[in-house]
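Welcome! Have a look at the model below, and then we will walk through a few of its features together.

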Amino acid sequence: EVQLVESGGGLVQAGGSLRLSCVASGFTFSDYAIGWFRQAPGKEREGVSCISRSDGTTFYEKSVKGRFTITSDNAKNTVYLTMYDVEPEDTAVYYCALTRSIYYTIWTEYDHWGQGTQVTVSS
């Protein structure tokens, strides 16, 4: 059974940085992608970034491009989302998710989810 566990959330001041981690376990396949999503209060969940485990290809939504960096440590089955120059608008619960679809930049392709970690950015 696929399990995803996020950590690293917390309270950070605007302009600061934070690194989120997503540890994946419970499976043996290697053809998958991990995506990071977020859901702010009163808003729908949105995808922000993803990375292919196979070749390391990354993708970022415009709202975070240039401020967030997604990386992976395949030996640890861990994907990181490093958030730089955070803004109050980045406040949300952040989730990581997994897909085996080749269309991993399509956010609806993700079908395994972690429990989320709260990120709060103070102004």
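## A tryptophan to start with

W107 has a relative accessible area of 18%, so W107 counts as buried. Here buried means under 20% relative accessible area, exposed means over 50%, and partly exposed is in between, using a 1.4 Å probe and protein chains only.

Before we go on, a word on the model: it is predicted, so local features need pLDDT of at least 70 and side-chain atom pairs count only at pLDDT 80 or more, while totals for chains, interfaces and linings use all residues. Residues are numbered from 1 along each chain as its sequence is written, and side-chain values use heavy atoms, with hydrogens and water left out.

## Aromatic rings together

How many aromatic pairs are there? The count comes to 8 aromatic pairs, where rings of Phe, Tyr and Trp (its six-membered ring) pair if their centres lie within 6.5 Å; planes under 30 degrees apart are stacked, over 60 edge-to-face, and the rest tilted. One of them is F37 with Y110, an edge-to-face pair at 5.2 Å centre to centre with 75° between the planes. F37 sits in strand β4 (residues 33-39) and Y110 in the loop between β9 and β10, so this pair ties together parts that are 73 residues apart in sequence. Strands (E, at least two residues) are DSSP runs, numbered from the N terminus. Both F37 and Y110 are buried.

W107 pairs with F59 in a tilted arrangement, 5.9 Å centre to centre and 55° between the planes. This pair also links distant parts of the chain, 48 residues apart: F59 is in strand β6 (residues 58-60), and W107 is in the loop between β9 and β10. F59 counts as partly exposed because its relative accessibility is 28%. F37, F59, W107, Y110 and W113 form one aromatic cluster.

## An open sheet

Now for the strands. In what order do the 4 strands of the open sheet lie? The order is β1-β3-β8-β7, with antiparallel pairing; two strands pair if DSSP finds at least two bridges between them. At the edges are β1 (3-7) and β7 (68-73), each pairing on one side only. From one strand to the next, the twist averages 15°, an angle between N-to-C directions on a scale from 0 to 180 degrees, with axes fitted to C-alpha atoms.

Strand β3 (residues 18-25) is joined to strand β8 (residues 78-83) by 6 bridges, and the two run antiparallel. Across from S21 stands Y80 in β8.

## Back to the loop

I106 also lies in the loop between β9 (92-99) and β10 (112-113). Is I106 buried or partly exposed? I106 counts as partly exposed because its relative accessibility is 40%.
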